[in-house]
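Hello,

Here is the structure I promised to send over. Please open it first, and then read my notes on what turned up.

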Amino acid sequence: KYDGINWLNYKTENSGLPDNTINLIYIENDSSIWIGTDYAGITHFNGENWQSFDQSNSDLVSNKIYSITKDNDDNLWIGTYDGLNVFDPAYNSFIVFKNDPHKKFSIADNFIRTLCKDNNGNIWIGLDGGGIDMFKNTSGIKNGIFNHFRPDPKKDKSISTGAVYSIIEDSNNHLWIGIENGGLNILDLKQVEKNRSEFLKIKYD
């Protein structure tokens with residue numbers, strides 16, 4: 001942390017940080033940040049106090065955290081190595097989503113690489129196993145469904161094969177999707193609302 005004059009170095013030895021390997025930092029506001037660690041779950045820091053959540057003291061599904069975003073109801077979505085959590089900070093409670101092969105609309109993969117909230121409030125989930133899921137909250141989080149966008153070698157305009165590392169929305173309602181060995185894919189969210197999904201692919205030759 002830089003205070004304008006000096007760099008402050010927070011480590012497990014001098015703070016409430018539970019792990020020195022940091023995978024991501026999510027800035028909620030000027031006085032609230034969430035830290036995703038590689039071995040010790042998530043930690044909240046408000047500038048003075050530290051609060052950590054891991055598998056030993058909460059329903060967090062994995063201590064290896066890869067992504068965090070916030071929905072329109074101020075819930076934190078937490079992508080992990082072994083499932084997806086939704087955290088309600090008002091009650092310190094977690095909802096768990098894991099793949100169920102017997103349920104068509106369960107999350108498609110448990111290894112979550114990245115998360116993105118679009119301008120319509122949908123949550124997009126980048127999967128290590130390839131493809132993306134979209135969570136549409138129409139009747140409460142527990143009753144929501146995951147729509148799948150999977151690579152299909154028979155369809156030229158399906159998403160490219162490979163782990164999805166990054167998702168971001170631009171000002172024109174396009175998702176930009178970074179894929180391991182698959183280059184960039186672009187998805188027009190206006191077309192998704194019309195139940196059409198065609199991925200524009202940009203790749204180095």
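The second largest pocket holds about 200 Å³ of space. By pocket I mean an open set of points on a 1 Å grid over the protein atoms alone, with protein on both sides within 12 Å along at least five of seven lines, and lining residues have an atom within 4 Å of a point. Grid points are joined across faces, edges and corners, and the volume is the space filled by probe spheres set on the points.

Before going further: this is a predicted model, in which local features need pLDDT of at least 70 and side-chain atom pairs count only at pLDDT 80 or more, while totals for chains, interfaces and linings use all residues. Residues are numbered from 1 along each chain as its sequence is written, and side-chain values use heavy atoms, with hydrogens and water left out.

Back to that second largest pocket: its lining consists of Met134, Lys136, Asn147, Phe149, Val192, Glu193, Asn195, Arg196 and Ser197. Strands β11 (132–136) and β12 (145–149) each supply at least two of the lining residues; strands here are DSSP runs of E, at least two residues, numbered from the N terminus. By class, the lining has three nonpolar, three polar and three charged residues (Ala, Val, Leu, Ile, Met, Phe, Trp, Tyr, Cys and Pro count as nonpolar, Asp, Glu, Lys and Arg as charged, and the others, Gly among them, as polar).

The largest pocket has a volume of about 360 Å³. Of its 18 lining residues, Lys1, Tyr10, Ile33, Ile35 and Phe45 lie nearest the centre. The elements giving two or more residues to this lining are β1 (22–29) and β2 (32–37), and β1 has the largest share, with four.

Serine 106 counts as buried because its relative accessibility is 11%, the limit being under 20% relative accessible area with a 1.4 Å probe, protein chains only. Leaving aside residues up to four places away in sequence, serine 106 touches Lys98, Asn99, Asp100, Asp133, Phe146 and His148, where contact means heavy atoms within 4.5 Å.

Strands β13 (residues 164–169) and β14 (residues 174–179) pair in the antiparallel sense over five bridges, pairing being at least two DSSP bridges between two strands. Serine 166 stands opposite glycine 178 in β14. Four residues lie between the strands, and asparagine 173 takes a positive phi near 60°.

Best wishes

Definitions and conventions
Buried < 20%, exposed > 50% of the residue type's maximum accessible area, 1.4 Å probe, protein only. 1 Å grid on protein atoms, 1.4 Å probe; cavity = no way out; pocket = protein on both sides within 12 Å on 5 of 7 lines; lining within 4 Å.
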